[in-house]
Amino acid sequence: MRLVTSRRFDVVFCDLYLTPISGMELLAATLQQSPDTLVVMMTGNPSVSSSLDAIRAGAWDYLPKPFNASHLQVLMGRAAHTVQLARDSHRSPVQSGASSESGVLGTSPSFRRALELAQRVAATDASVMITGESGTGKEVIANFIHRHSRRVNRPFVPVNCAALPEPLLESELFGHRKGAFTGADRDKPGLLETANGGTFFLDELGEAPLSIQAKLLRVLQDGIVRRVGSEQADATVDVRFISATNRDPHEAMARGVLREDLFYRLGVVPIRLPSLRERAEDIPVLARHFFRAYWARHRGATTRLPAFSDELLDALQRRTWRGNVRELQNVMEFLAVLAEPGATLSAYDVPPEDGRPVAAPAVEPAQSELWLMDFRTAKDALIANFEREYVQRLVARSGANMSRAARLAKMDRTTLYRLMEKHGMSRSDLTDDGEAA
Ligand SMILES: Nc1ncnc2c1ncn2[C@@H]1O[C@H](COP(=O)(O)OP(=O)(O)OP(=O)(O)O)[C@@H](O)[C@H]1O
Ligand SMILES: [Mg+2]
């Protein structure tokens, strides 16, 4: 305690269970004296929760006991490398992170919690496992962690474990020796070597074949990479692992498709991303952001940006969003491509979800007195109801522009005027191609 409070160390190895003061107290004191010090907690009882507590409290990594000299050497090497990188880049390890400037959007409590955890773990080298439904932003968060880490000036290397058949994936990851298989006409380093010093992102980890999982585990344990067809250690790499899966890892372990030891190594800090349904309050901000971006891309910066009606925002917040943020992006791109400049977008402009209409039908005859009227009167009332609703929405959709409204409805303008008058709307409510109302 006297040493760590009186001097600055680059790297500290510290036992978790100590008396009379605990390793956690020593960790706190070290970081208070010098926040950049890399503290490695050594523990004979590497339960997930104690190592997670240590990481949350600011430890850089942990080392399970018993360990051998080469484990220590590899970890020390990684630590030294990290210290060197931090010096080279003169960056503070964590930037005070307003999330908007980093392009990661969302302020709902459930999303903020995930983002805060990502930010805290970014300063460490701990492995992170991100879970969440498809399209919730797992890769976005992995990238966020990399950009906020000391490794920012080194590569971020994503590998999709589901995209390649096993032999190809193996040689992509680990590289191969000349002659290892037909077509291997020269030595080739794998992506793990490419990622050296940086962050390795194992996407769709749940899809990785078991043989590859076993080889990955060896790299995680000692940092040593053996290329396919090689008898020896070809490289020692220093990478931070982030993995992602849209399946439940516990269920995958129960089914025997995910190795438990790999899970515990890769999942020191688990981050679960909420689905878009669980953070519906973020939908308006995300929708507006994507819509503006796509509008600028497809329609130019000078055309009048359409507005969102309340009912549109309502419908967006009620939607199921099975495809999460990615689906929201697609819907906004669709709207940006098709909307009229200056229009007010309604719920009807949104493409239906799985073929079902998003908004409720305009008229709900089941609830009305229509059924008690004579046939003609009922039919006229129903149609009048529909016409009024249609014209109101049409006017909004067209940005109150007469020619545009007629074009959208494929009606001639005289018929449209008559319809408007019938329902108490006046011509002067609309402009006609830029003329004042
Ligand atoms: N919080 C966010 N802010 C801004 N954009 C986001 C956010 N989350 C996701 N996106 C965008 O949504 C899309 C999907 O995100 P991403 O690819 O990270 O999802 P994923 O969880 O990896 O999906 P999958 O499981 O299908 O691979 C991307 O285009 C990304 O830019
Ligand atoms: Mg992904």
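The crossing of helices H15 and H17 is left-handed, meaning that the near helix is turned anticlockwise from the far one by less than a right angle. This is a predicted model, where local features need pLDDT of at least 70, side-chain atom pairs count only at pLDDT 80 or more, and totals for chains, interfaces and linings use all residues. Residues are numbered from 1 along each chain as its sequence is written, and side-chain values use heavy atoms, without hydrogens and water.

**Where H15 meets H17**
- The axes of H15 (residues 375–397) and H17 (residues 413–422) come within 10 Å and cross at roughly 115° (axes are lines fitted to C-alpha atoms over the stretch in contact, with angles from 0 to 180 degrees between N-to-C directions; helices are DSSP runs of H or I, at least four residues, and strands of E, at least two, numbered from the N terminus).
- Glu-387, Val-391 and Leu-394 of H15 touch Leu-416, Leu-419, Met-420 and Lys-422 of H17 (heavy atoms within 4.5 Å).

**The largest pocket**
- Its lining has 30 residues, with Tyr-62, Pro-64, Leu-220, Gln-221 and Arg-265 nearest the centre (on a 1 Å grid over the protein atoms alone, a pocket is an open set of points where a 1.4 Å probe fits, with protein on both sides within 12 Å along at least five of seven lines; lining residues have an atom within 4 Å of a point).
- Helix H9 gives the most to this lining, with five residues.

**The second largest pocket**
- Here 23 residues form the lining, and Gly-135, Thr-136, Gly-137, Lys-138 and Val-140 lie nearest the centre.
- Elements giving two or more residues to this lining include helix H6 (138–147) and helix H12 (283–299).

Definitions and conventions: Chains are lettered from A and ligands numbered from 1 in the order in which they are written.
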